[in-house]
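Here are some exercises to work through with the model open beside you. Try each task before you read its solution.

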Amino acid sequence: MNQKRKECVAMLLAGGQGSRLYALTKSTAKPAVTFGGKYRIIDFPLSNCINSGIDTVGVLTQYQPLMPNEYVGNGLPWDLDRTYGGVKILPPYQGNKKADWYKGTANAIYQNMAFIEQYDPEYVLILSGDHIYRMDYEAMLRFHKKKNADCTIAVLEVPMEEASRFGILTTEADGKIYKFTEKPKTPDSNKASMGIYIFNKRKLFEYLNSDEADETSDNDFGKNIIPAMLESGERMFAYPFEGYWKDVGTIGSLWEANMDLLGAKPAFSLNDESRGRIYSRSSVSAPQYVGDGAVISNSIITEGCEIYGTVVNSVLSHGVTVEAGAVVRDSVIMANTTIAAGAVVTYSILDENITVGQGAHIGAEKADGVGIAVIGNGHNIEPGQTIAAGEMISD
C-alpha cells in the first residue's frame, strides 16, 4: 500500500544517562524524570511536535529504557497513536552485521536511517529529550525553507558572561552561520545552540555516512557533523528562539525549572496554553484533599495528594501525603511520597515512593553555598533521621 510521504520526521534523542542528576537517574533515563507535578521531561518535545503538526516521531532510547518505553507507549496522550507515522520507540538493535550501542548523537541517527527513509521525508528534525520549553517547530521549518538552508540550528541569546557554557554560533546579519565553537573561553557571540536541528534529509544522510566512515570521529552532531558541514561551506542558518528554555540536566537546573512554574507571574506557565498545551500520560488518581489545618502557599499540588500539614513554595506530584505538623518548603516532591507528622523537608528534591519518618529533617534553608538535598526512588528516611543540605541518598 502506497502511503503519502511525510514532509518532516522528528527524531528525539532520549537515551541519555543524565549522570549529573545522580540519584534521580539511577533507575530511569533523564527524559523520564518527573517535572512540574504531573509531567515527565519528554512530554515537552513530544507535545511540541504534535502542536507543530509533526506526527511522525522516532524516540531513540538506550540507558534504562523501561520507563521511557512504557511511558511513551503507543503515543496516545500526545495524539501520536497513528497507523502510519505516530511515535515509535527506537532502541539499539542487532543488525545483519553487528549489534552496537549508540556511540553518539550522530551515530544514533545513523543507525535509524532506515526508519527515516520509510517515510521519505524532505526534512529531518533532531531534538533532545532533556529540555523544558514550548516551541513551534513548524515556524522553524518555514524559516529553514525560506533561507534555502541545508541545516538550521535553533539558538537562544544568553548573557555574554554565560556564553562559555554553551556551543556558540557566530552569524552574519542574515543569520547565516560561519563559525561554531563548543564552550569557547572567549566567546565572540552570545547565540547558544539549543541542540535543535532541521536538516534536509539528503544532506543529513550524506554527512552521517561520511562521519560513520571516520574511525576517529566521536559521532556527535556538535563535535563532528556541524563543524564538517561548516567547513564544506553548506548553507547553515541560526533560527532565533524567544521564550522560556531550560536544560534540566543538573540537580540545580531541575529544581530551578520547577520553581519557575510558581508565582503569580511564573517564568514558565503551564496554564498558559496560547503557545500550545503540554500533554502527558497522567495517573488516574482521586482529587487532591486539603485538610482543615493545612497551610498551602505558592505551590503546585497535583491530583491524589492529601495535605494536612504545611506546604510552601513547592511542587508536589500525584499521590503525595503531607501529614499534620509536617512542613515542606522550597522543595520538589515526586509521586507517592509520604512526609510523616513533624517531619521537615526544605530545599530538597525527593524522588518517587519515599517515606519520610516522623520528626525527620531533610535539607536546610536555601542560601548561598547551601546545596539541594536529594533522596532517590524508594528510599525510606527513618523517624528522627537528619539528611544534611546537599546530601544525596540513592541506596
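Phe-35, Tyr-39, Phe-44, Tyr-244 and Phe-268 form a cluster linked by ring pairs. Rings of Phe, Tyr and Trp (its six-membered ring) pair if their centres lie within 6.5 Å; planes under 30 degrees apart count as stacked, over 60 as edge-to-face and the rest as tilted. A word on the basis: this is a predicted model, where local features need pLDDT of at least 70, side-chain atom pairs count only at pLDDT 80 or more, and totals for chains, interfaces and linings use all residues. Residues are numbered from 1 along each chain as its sequence is written, and side-chain values use heavy atoms, with hydrogens and water left out.

**Exercise 1. Classify the ring pair of Tyr-84 and Tyr-119, and say where the two residues sit.**

Step 1: By the ring rule there are 15 aromatic pairs. In this one, the ring centres are 5.2 Å apart and the planes meet at 55°, so the pair is tilted.

Step 2: Tyr-84 lies in the loop between helix H2 (66–72) and strand E5 (86–90), while Tyr-119 lies in the loop between helix H4 (113–117) and strand E6 (123–128); the two are 35 residues apart, and their pair links distant parts of the chain. Helices (H or I, at least four residues) and strands (E, at least two) are DSSP runs, numbered from the N terminus.

Step 3: Now check the cover. Buried means under 20% relative accessible area, exposed over 50%, partly exposed in between (1.4 Å probe, protein chains only). Tyr-84 has 21%, so Tyr-84 is partly exposed; Tyr-119 has 4%, so Tyr-119 is buried.

**Exercise 2. Find the strands that pair with E8.**

Step 1: Locate strand E8 at residues 151–157, where six of the seven residues are buried.

Step 2: Apply the rule that two strands pair if DSSP finds at least two bridges between them. Strand E11 (residues 191–200) is antiparallel to E8, with six bridges; there, Lys-191 is the bridge partner of Glu-157.

Step 3: Strand E12 (residues 236–240) runs parallel to E8 and is joined to E8 by five bridges. Tyr-239 of E12 stands opposite Ala-154.

**Exercise 3. Does the radius of gyration of the chain agree with a compact globule, or disagree?**

Step 1: The globule rule is 2.2 Å times the number of residues to the power 0.38, and the radius is taken over C-alpha atoms.

Step 2: For 395 residues the rule gives a value near 21 Å; the chain has 22 Å, so the two agree.

Step 3: For context, 53% of the 395 residues count as buried, and the chain has eight helices and 31 strands.
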